[in-house]
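Hi,

Here is the structure I promised to pass on. Have a look at it first, and then read my notes below.

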Amino acid sequence: MASTKIERTLGTPTNIDKWTYSVWVKRASIGADTAIVTARTGTSGPYLNLIFQGNHQLRIYGTDSGGLNDFNYQTTRLFRDTSAFYHIVIGFDNTLAAAGDRCKIYVNGVQETSFAGQDDPASGVSYVFNTSGYTTVIGARTDGSEYYNGVMSHINFVDGTQLTPSSFGETDATDGMWKIKTSPSVTYGNNGFFLKMEDSSNLDLDSSGNSISFTTTGTLTATKDNPDNNFSTLNPLDRRVGGTAPTFINGNNTWTASSDSSSNGGTRGTLGSSSGKYYFEAKATTASMLCCGMQLDSIATRWNANGSVSNETGFYGIEADGTKKVAGASTSSVFTALSNNDIIGLAFDLDNNKFWASVNGTWVASGNPTTGANSLGTLASGTYLPAVSSVGWSTASSAQFNFGNGVFGTTSVSSAGTNASNNGIFEYDVPTGFTALCTKGINT
Amino acid sequence: MAYIGRGTDKISNIEVLDNITFTNSAGPYNITQSSTTFTPISPSALVISIDGIVQSPSSVTVSGSTLTFDTSMSSSSTMNFIYQIGIGLITTTGDNTVTTAKIVDDAVTYAKMQDIATGNRVLGRATAGEVQEVQVSNDMLAGSIANAKLANNSVTFNSQTVALGGSGTIDVADTKPTISSLTPSVITNSATAVVIAGGNFVSVPQVEAINTSGAIVAADSVSFTSATSISATFTLPVDGTYFVRVENNDGTAVRTSTADLTVSDNPVWVTASGSLGTFAGASAVGTINLVCTDATSFAVTTGSVTAGLTFTTGVGTATITGTQTAHTTATTDSFSVTATDAQGQTAVRAFTITYSFGATGGGQFN
């Protein structure tokens, strides 16, 4: 259950009726209302909420300063993707003549025009949000509910101007993708702020020039996951659906499988590849029957009743008991059984169809991913995704994955290893030629 | 009473000499007049009185300007006077002792002057003193003065110099125009004004461009600025090299000695001006080509390419490569590149390169 928020109380605005809010978000949990940003004084009275609803719709709604003239926009579009960043921009100008222009919602540079619910702001009144004395809360409602679970990056609030997404992003001329402008050229106004969230020692640092001070409560963790380099996480939408679902926290990088007799908690990652060389780590917080590796995306019978992801023919990795899994088949032990909090390293060479594993920085079976020597097995050709499960039914296991975020759970790696690719931060040295499972790593 | 008349050292033709003080000796004693040595003619010319007694001339002897008595003269004795009858002994004047003051003005006669022989020079004083002006009248000059001895020993006509006594042909003065330079000397096919510098231009001359193939194209227009500068506008549709001919209204004319006017197309930029693209600030820009037709070289002439990048000139194409090192935040750098062709013609184009920097992290809300 997330419990992190960033907040501040506003001063006199440059223009209460004109503002723009821009944020890049990567959701981790879905299915419940989670607040992106809200504003209120205390826990009651006039308000503004920008949230993901439990039904996956994006919604912005609020009242004027008298608590009247409700406005509401509820997208038809659903936002269920936990593998990518969304760029959300709200451009507000309550002075415009056209009611439909007063509150514009943009996602990834495109204005949302299809709404499941739409009530335009009224003219001649001032809506709360950029209101002196109101508290802006990022990641929760003012009453401490609907905490946001996921990553936010480059939050811009512009006081005094209704802007379009082009101030904060642009279409890549090469691939046509919407990408971030990390140094927007905007006038922030009195209450404006810019939280890059890149300074790991000061995540709520305002870079707008206004040097606004924020208060952060809960556990806000620095991550290398960002709109320019999207890292793999575990994917709650790509898991065995029977029995009790595993839990996902810490941006879907901490996985816990229950001791449900009808579920192994099998889950795969959000990013995969058919070529390249990749490295990731997992801390076996509950080693037990943990099984980590990569699995062919093409396996049609995945999540069947074989008992474990690791029993699938397309799975390659290691089990906590010290055995390796090659094409779903167990072999004799190749390393000492894992202990709790051992850190597993997994190196997959999808160019040469080989894989290796390390425990606490030591490659098992004298493997050497850098030279290609002593791999644990030969991979079948295809596209692979990270995969985790508990080998045995009824056995709880848990692990904290580090796909390069630089974090196990909420704790940063203790001693970052070398990483020539500069993609991500890992506890141990990344083998030469290998990189993180992230968009830049995959596209290298 | 006071004596009026001659000095006290003279009484008529008597020279009054200084009394001698005796020293208990016969002498010799110095004979002086007014403390100046005096040489008597002889002892007999002297009249000496001692203690009131006039001495016999035989009692003394004279040697030069000294006097010796025949007996020792007591110091208690007093010489009352000593005279010489007549003047003293006159001797030859010493060398270099006759001063100007001793010569009466205008007293030196021509007869006393040295004859000046032919070829002698009259010398005057080089330092202080009077300098006599010597005027020489024509009748004083015998024969002629050699030309070489004259300060101006030549004459100049129409810029031609002839030595005195020499001979030569003096050209009749002419005002033909001259051409010293063309600016610019390289033009395009379109109408272009060329400033012709030179001399003797007379308003308004005719100007022609003469192709090395022989084709003659008159200037579209000619404007007269001065006798040393005119401006001719040419429209020359054929590339090549041209002589330029200027003809004054009096028919005098000049043509450049070589085909100094070149007609050539300017280099033409192919690469559009403006943004060359947006590049990841921390990555290599690859190879950015700047293409300009006919260019033989390129140079960054305004601003500069970003530090870390390398600008390489070439024929037809310049390149920019490398990874910028100047910026860590999004920035757009501006610069201009001048392309130059073989004729020195240039074309300038302004470019920008934008650097973007990706995000490096985010905040995980747990």
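First, a term you'll need: two residues are in contact when they have heavy atoms within 4.5 Å of each other. In chain B, among contacts between residues at least 6 apart in sequence, 59% join residues at least 24 apart.

Some housekeeping. This is a predicted model, where local features need pLDDT of at least 70, side-chain atom pairs count only at pLDDT 80 or more, and totals for chains, interfaces and linings use all residues. Residues are numbered from 1 along each chain as its sequence is written, chains are lettered from A and ligands numbered from 1 in the order in which they are written, and side-chain values use heavy atoms, with hydrogens and water left out.

**Chain B**

Of its 366 residues, 30% count as buried, meaning under 20% relative accessible area (1.4 Å probe, protein chains only).

One open sheet in chain B has 4 strands in the order E13-E15-E19-E18, with antiparallel pairing. Strands E13 (178-183) and E18 (221-226) of chain B stand at the edges with a single partner strand each, so one side of each has no neighbour in the sheet. E13(B) is joined to E15(B) (residues 192-199) by 5 bridges; strands count as paired if DSSP finds at least two bridges between them. Within that pair, Leu182(B) has Ile196(B) as its bridge partner.

**Chain A**

How many residues of strand E3 (residues 34-40) of chain A are buried? It's 7 of the 7, so E3(A) is largely enclosed by the rest of the structure. E3(A) pairs antiparallel with E4(A) (residues 47-52) over 6 bridges, and also antiparallel with E11(A) (residues 135-138) over 4 bridges. Ala39(A) takes part in both: it stands opposite Leu48(A) in E4(A), and its bridge partner in E11(A) is Thr136(A). E3(A) and E4(A) form a hairpin with 6 residues between them, and Gly42(A) in the turn has a positive phi of about 75 degrees.

Also check out Asp349(A), in strand E27 (residues 342-349) of chain A. Asp349(A) is buried, with a relative accessible area of 3%. Its side chain reaches the backbone nitrogen of Asp351(A) at 3.0 Å. Leaving aside neighbours within four places in sequence, Asp349(A) has contacts including Lys277(A), Trp356(A) and Phe434(A).

Cheers

Conventions: Buried < 20%, exposed > 50% of the residue type's maximum accessible area, 1.4 Å probe, protein only. Helix = DSSP H or I, 4+ residues; strand = E, 2+ residues; numbered from the N terminus. Polar contact = N/O pair within 3.5 Å; in protein donor to acceptor, adjacent residues only side chain to side chain.
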